[in-house]
Amino acid sequence: MKNKQLVITHFAETLQDAARIVEIDLPRLRSSQLLIKNTYVGINALYDRELYRGRVPYINVQFPYVFGVEAVGEVVAIGDSVNDVQIGQAVSTVKVGTAYQEYQIIEAVDIIKIPEATAAYLTLNPTGVSGYLALKNTAEPKEGETIVVSAAAGGLGHIVVQLAKQKKCHVVAICGTPEKVRLLQSLEACDRIINYREEDIAEVLNNEYTNKIDVGFDSVGSYMFDAFLANLAPLGRLVVSGLATELTAPQFEQVTGARVYESIYWKGASVRCFMNHLFREQQPEARSYLFDQYQKGELQVKVDTTTYEGIEAIVDASHYLLAGKSCGKVVVKL
Ligand SMILES: NC(=O)c1ccc[n+]([C@@H]2O[C@H](COP(=O)([O-])OP(=O)(O)OC[C@H]3O[C@@H](n4cnc5c(N)ncnc54)[C@H](OP(=O)(O)O)[C@@H]3O)[C@@H](O)[C@H]2O)c1
């Protein structure tokens with residue numbers, strides 16, 4: 001059987017340069033393994049970009065390198081020694097270097113059984129899981145606190161604002177288009193929504209949230225980070241969850257100014273970075289909470305409605321996300 005894959009063949013600045021589509025014969029299944037037909041894959045274009053530029057320090061990329069992290073799909077063949085999985089079982093898989101292909105072979109112990117192989121479950125695991133873990137371990141929001149979330153209508157952001165509202169926080173959501181504003185309104189989780197293309201973000205935070213940000217949850221960086229930092233509350237936590245503006249620029253912006261402690265020392269505030277793979281042992285807890293909340297209708301999952309289909313569409317979906325257009329989680333249907 002043939003398997004179509006998107007592989008990185010060498011490090012380069014653009015996805016078109018770095019990657020190409022190949023078709024290979026599927027290897028034989030070992031007795032402990034499963035063959036999965038991927039039905040949806042999640043697009044993590046900012047992370048992928050670092051990968052194909054050779055800048056993810058903890059990944060040893062051997063060419064040709066299949067990339068992509070998360071997929072949902074169905075079991076189509078089972079190794080001889082696997083006895084707790086049936087053909088047709090819907091599964092979620094999360095492993096760096098596995099997703100952008102039509103089929104994947106995976107150790108049976110590494111799958112997560114899910115009720116159906118939908119884009120919603122793909123969003124919950126691992127994007128939702130990251131949001132849950134970042135809040136629990138890094139942001140630590142408490143009832144009554146003010147949390148400000150950037151890229152709030154994106155795959156990660158729309159889960160974070162809902163989980164923060166569940167903690168009874170005052171939720172301020174920032175996004176960049178009217179469509180994203182509508183998505184955020186539909187969640188009924190945000191107390192203030194700011195479209196930064198219509199309102200100046202620094203001005204709004206300086207005026208309405210002067211020294212009142214208990215948690216800044218930032219995935220954008222640069223001007224957004226600065227605006228959050230300037231308005232941290234005493235004991236405030238500024239969580240660096242992503243660096244979209246820096247990672248899409250040719251290089252990190254070089255700034256001259258006082259070191260970061262100047263703005264936070266007297267407030268006892270902190271700047272904290274979140275990195276999802278460092279909380280692996282808590283992933284089962286996060287998944288079970290999110291799946292349960294979703295099944296009870298307590299958590300909405302938003303998937304971007306732009307249709308991308310087939311391995312060939314991964315490049316377009318990636319460009320779309322890098323252009324900052326994502327409204328909910330960007331997925332490709334295979
Ligand atoms: N640290 C971790 O472990 C971890 C885990 C998962 C995700 N992340 C990070 O979390 C962020 C969200 O991930 P996601 O996959 O859910 O993406 P996403 O939020 O769906 O898309 C990124 C969003 O960032 C905003 N953005 C602002 N400046 C941008 C720029 N220069 N280029 C691209 N986007 C820009 C855009 O929203 P607006 O226009 O509304 O601002 C865009 O829609 C990413 O930065 C990702 O790297 C980190």
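Glu 262 counts as exposed because 10 C-beta neighbours lie inside 10 Å, where exposed denotes 12 or fewer other C-beta atoms within 10 Å of a residue's own, buried denotes 20 or more, and partly exposed the range in between, with C-beta atoms placed from the backbone. The structure is a predicted model, in which local features need pLDDT of at least 70 and side-chain atom pairs count only at pLDDT 80 or more, whereas totals for chains, interfaces and linings use all residues. Residues are numbered from 1 along each chain as its sequence is written. Glu 262 belongs to helix α9 (residues 261-264), helices being DSSP runs of H or I with at least four residues and strands runs of E with at least two, both numbered from the N terminus. Although Glu 262 and Val 303 are 41 residues apart along the chain, a distance of 40 Å separates their C-alpha atoms.

The protein contains 11 helices and 15 strands. Its radius of gyration is 20 Å, close to the 20 Å that the globule rule gives for 334 residues, so the protein is as compact as a globular protein of that length; the radius is taken over C-alpha atoms, and the rule is 2.2 Å times the number of residues to the power 0.38. Along the principal axes, the C-alpha atoms fill a box of roughly 60 × 45 × 35 Å, and 46% of the 334 residues are buried.

An automatic or database assignment supplies the domain bounds, which divide the protein into domain 1 (2-117 + 304-333) and domain 2 (127-274). The C-alpha centres of domain 1 and domain 2 lie 30 Å apart. Their contact, defined by C-beta atoms placed from the backbone and lying within 7 Å, takes 11 residues from domain 1 and 13 residues from domain 2. On the side of domain 1 that touches domain 2, the largest share, 3 residues, comes from α2.

In helix α11 (residues 314-322), the buried residues are Ile 314, Ala 317, Ser 318 and Leu 321. Seen down the axis of α11, these residues fall within an arc of 100 degrees, so they line one face of the helix, the arc being that of the directions from the helix axis to the C-beta atoms. They pack against β1 (2-8), α1 (15-18), α2 (45-52) and β15 (331-333). Just after α11, Gly 324 adopts a positive phi of about 75 degrees.

Most residues other than glycine have a negative phi, and most peptide bonds are trans. A cis peptide bond with omega about -10 degrees joins Phe 63 and Pro 64, and Pro 64 lies in the loop between α2 and β4 (65-66). The peptide bond from Asn 125 to Pro 126 is also cis, with omega near 20 degrees, and Pro 126 lies in helix α3.

Notes
Contact = placed C-beta atoms within 7 Å.
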